[in-house]
Amino acid sequence: EVPLLELAMRESVEMAQNSGVLKGPWEILEGYLVEDIIRMDLELQNFQPAQTRRDMKSLAETKDTADDISSAAQAIPEDVRQRLWRGIGGDQSAVKELEAMASGEAAGALSRNSMKTDLFQRFDVDGDGFLYSEELKTFATEMGFEGSDSEWSQEYVMICTEVGCDPTRGLDFRGFSRMVDDEEAGYLEDEELAEILNG
């Protein structure tokens, strides 16, 4: 039997790959546990004394599963864990980083994610965890954007929409990461990220 955490991680990666839906493993796992609790609650509504022992065993198994999840989460580096399950959907690059760690290819992934983190922090001038229009425009200008303010406003809303961020708040790290990793919209190679950082 596949542990629930591993199952949730697989489902998260498959959802991202197959449908582009970003849903973090903890969110999926929470859904599994909620389903178990609802199932147990429904069974309790039809309570019979003979079910008590089975329900206690199920409750103990749920607690053991929760303990396993907690232990597994502690094994994942904290910076990856924070990005992986931040908000709804998590950071897809953190999922890739975690997969690379599991397959022994973490050095390149860590390097790329470190560069993206440094870039994000560099352009997040006010340090609020979001790149609002003017902050993102500074990045876009360094990438070659030469349009007017009006053109930038339209571009900014389009970028936010494409990466699933609210234009009134700006891009969070997850959105920024998706933007620079988007192969259709102009994937930035590691060398380009390094050049911007060193520029």
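## Salt bridges

The structure holds four salt bridges, a salt bridge being a side-chain nitrogen of Lys or Arg within 4 Å of a carboxyl oxygen of Asp or Glu. The model is predicted: local features need pLDDT of at least 70, side-chain atom pairs count only at pLDDT 80 or more, and totals for chains, interfaces and linings use all residues. Residues are numbered from 1 along each chain as its sequence is written, and side-chain values use heavy atoms, with hydrogens and water left out.

## Lys137 and Asp149

Lys137 lies in helix α7 (residues 133–142); helices here are DSSP runs of H or I with at least four residues, numbered from the N terminus. Asp149 forms a salt bridge with Lys137, with 2.5 Å between the closest N and O atoms. This pair links distant parts of the chain, 12 residues apart, as Asp149 belongs to helix α8 (residues 149–163) and Lys137 to helix α7.

Lys137 counts as buried because its relative accessibility is 16%, where buried means under 20% relative accessible area, exposed over 50% and partly exposed in between (1.4 Å probe, protein chains only). Asp149, at 55%, counts as exposed. Beyond its neighbours within four places in sequence, Lys137 is in contact with Asp149 and Trp152, contact meaning heavy atoms within 4.5 Å.

## Glu142 and Arg122

A salt bridge joins the side chains of Glu142 and Arg122 (3.2 Å, N to O). The pair connects distant parts of the chain, helix α7 with Glu142 and helix α6 (residues 106–123) with Arg122, 20 residues apart. Glu142 is partly exposed at 41% relative accessible area, and Arg122 is partly exposed at 32%.

## Arg174 and Asp172

The side chains of Arg174 and Asp172 form a salt bridge at 4.0 Å, N to O. Arg174 is buried at 12% relative accessible area, and Asp172 counts as buried at 15%.

Notes: Helices (H or I, at least four residues) and strands (E, at least two) are DSSP runs, numbered from the N terminus.
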